[in-house]
Each structure stands twice: as C-alpha cells, then as structure tokens.
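Here is a short note for a colleague who is opening this structure. Please read the points in order, with the model on screen.

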Amino acid sequence: STLQTFANNSSSSKGASLNIYDDSFGGGDQTSINEWYLTPGFNLPINSHYVATFDIALTEFNTTTAATLGSDDQVQLLISSDGGATWHTLKTWDATTSISNTGEPVVVDLSAYEGNIQLGFWGTNGPVGDPDDTEFFFDNFTVECMDLSGCPQDYSGANRLTGIQTLDAVYQSAGTIESDQVINASAHVDYNATTEISLLENFEVKAGAIFHAFIDGCDN
C-alpha cells in the first residue's frame, strides 16, 4: 500500500493505492497479500443519513492501462462499530467488476449505522496464481450527511438549489434538479436525479471543488 498519483496519471493529485499481484504464476511460492488502509473514526448521529463518497480507479501496475482483478483477487470496503474488533463488508470489487482506469465516483450508504464507526479498505490476491499485476486506487474519501428532507419530487422553480454551497452535500430527487448554486472550492457536492438535471445561468463550480451529477434516482 502506497501513496502515489491517482490512476498513475502524472497530472493527478496523490491518492492511496493497493498493488495486487500474484508472484506464483508460472511456478514458485505465492506471497500472500493482505493489505489495509484504515480511516480515522467517525461519530454518526442517531437518526441521520450519512454516506461515504470517494473515487476509485484500477490500472495495470505503474501504467494508465485498463486492468481487471485476478480470478480470486478482491478489494473490499469494510466498516467496524466496535473499535476494529469485528468488520462487516459494505462493498466488494473483484474479477467480475468493471473499474475505470481513469477514475469513477462511488457513494456507499451508511444509514444503517450510528455512533462511533471506522472504515477500511482491504485487498487480497487470494491463493490462485494469476498473471495480473494491478493497482487499485482510491482518493477524495469523505463521510458526509445527505439531505435529510428525504427524496423530494423536484428541486425546481422556487425550490431549485441556489446560493453558495460551502459544505459537502448529496442532493437527490425523484424527478428533476435545477440549480444555480455556486459550489465553493472546499465542497464536494453530488446531484442525483431520476429524470433531468439542469445547470442554470450563474451555476458555477469553483476551482478545487468536486462536483458530480447522476441520473439514477434516489438511493442509487
């Protein structure tokens, strides 16, 4: 596990990476990979709806070339609510998972948890000696509160998103989202609508901000 430029792109900022490879391919003993990255602890309030958001990428080792994990290689995102004594899997990436070599956003629901939690990324190469030598990257990791008003039919007209957005947020709609927000450099903001997202005149994302827009509806 190391820190290096995200997706081996020299113009990207540094992110975390897991090098997953099998040195027994073609003969020899397999070196077991059992790598962890642990987050700091978080305290999630009762009756809240938090999500973990981050970006991932997968490449061949030390290149920007697209890759696939080996037949029994895995990377998991896990959560612990007892100080690391036990861990529960939230999401798994394996040989069946298509992962962008340039980067893609991930949002993981944490609404089933409250109180003190910790998250961790774990990677393994398994016992099978595959020829793959890959790097799994993750960056821009945050734990943030979603819009607590539920999933409104629309953010449009008088109910459009407006003003200066300085905090991290996820806005979801069962219909459309209209916005003329200014998203400040410190913010990571996601829009998620079912039918349409309209970025109106004066909408702006300041340099340094992170903004994503998705058409896949509430809780997706």
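**Notes on the model**

1. **Overall make-up.** The chain has 0 helices and 17 strands. Both kinds of element are DSSP runs, numbered from the N terminus: helices are H or I over at least four residues, strands are E over at least two. This is a predicted model, in which local features need pLDDT of at least 70 and side-chain atom pairs count only at pLDDT 80 or more, while totals for chains, interfaces and linings use all residues. Residues are numbered from 1 along each chain as its sequence is written, and side-chain values use heavy atoms, with hydrogens and water left out.

2. **Burial and surface.** Of the 220 residues in the chain, 42% are buried. Buried means under 20% relative accessible area, exposed means over 50%, and partly exposed lies in between (1.4 Å probe, protein chains only). The accessible surface of the chain is about 10,600 Å². Carbon and sulfur atoms hold 48% of that surface. The areas come from the Shrake-Rupley method with a 1.4 Å probe; for residues, only the protein chains shown count as cover.

3. **Contacts along the chain.** Take the contacts with a separation of 6 or more: residues 24 or more positions apart account for 59% of them. A contact here means heavy atoms within 4.5 Å.

4. **The largest nonpolar core.** This core has 26 residues. A nonpolar core is a set of buried Ala, Val, Leu, Ile, Met, Phe, Trp, Tyr and Cys residues joined through side-chain atoms within 4.5 Å. Phe54, Ile56, Trp93, Leu110, Phe136 and Phe138 have the most contacts inside it. Two or more residues each come from strands S2 (14–21), S3 (34–44), S4 (50–60), S5 (74–80), S7, S8 (115–124) and S9. S4 gives the largest share, 5 residues. Beyond four places in sequence, Ile56 touches residues including Phe6, Trp93, Ile99, Val106 and Phe138.

5. **A second core.** A separate core of 12 residues includes Leu161, Ile177, Ala187 and Val189.

6. **Strand S14.** Is strand S14 (residues 188–193) enclosed or open? It is largely enclosed by the rest of the structure, because 6 of its 6 residues are buried. In a regular strand, side chains alternate between the two faces of the sheet. On one side of S14, His188, Asp190 and Asn192 are buried. On the other, Val189, Tyr191 and Ala193 are buried.

7. **Partners of S14.** Strand S11 (residues 169–173) pairs with S14 in the parallel sense over 5 bridges. Two strands pair if DSSP finds at least two bridges between them. Ser173 stands opposite Ala193 in S14. S14 also runs parallel to S17, joined by 6 bridges. There, Asn192 stands opposite Phe214 in S17.

8. **His212.** This residue lies in strand S17 (residues 210–215). His212 counts as buried, because its relative accessibility is 16%. Leaving out residues up to four places away in sequence, His212 touches Asp55, Pro105, His188, Val189, Asp190 and Tyr191.

9. **A three-strand sheet.** An open sheet of 3 strands has the order S10-S13-S16, with parallel pairing. Its edge strands are S10 (164–165) and S16 (204–205), each pairing on one side only. S10 pairs with strand S13 (residues 182–183) over 2 bridges. Ile164 stands opposite Val182 in S13.

10. **Salt bridges.** How many salt bridges does the structure hold? There are 2. A salt bridge puts a side-chain nitrogen of Lys or Arg within 4 Å of a carboxyl oxygen of Asp or Glu. One joins Asp180 to Arg160, with the closest N and O atoms 3.1 Å apart. The pair links distant parts of the chain, 20 residues apart. Asp180 sits in the loop between strand S12 (176–179) and S13, and Arg160 in the loop between strand S9 (133–145) and S10. Asp180 is buried at 17% relative accessible area, whereas Arg160 is partly exposed at 33%. Another joins Lys206 to Glu204, with the closest N and O atoms 3.3 Å apart. Lys206 is partly exposed at 34%, and Glu204 is partly exposed at 34%.

11. **Thr97.** Look in the loop between strand S6 (88–93) and strand S7 (104–109) for Thr97. Thr97 is partly exposed, with a relative accessible area of 24%. Thr97 and Gln74 are 23 residues apart in sequence and 9.8 Å apart in space, C-alpha to C-alpha.
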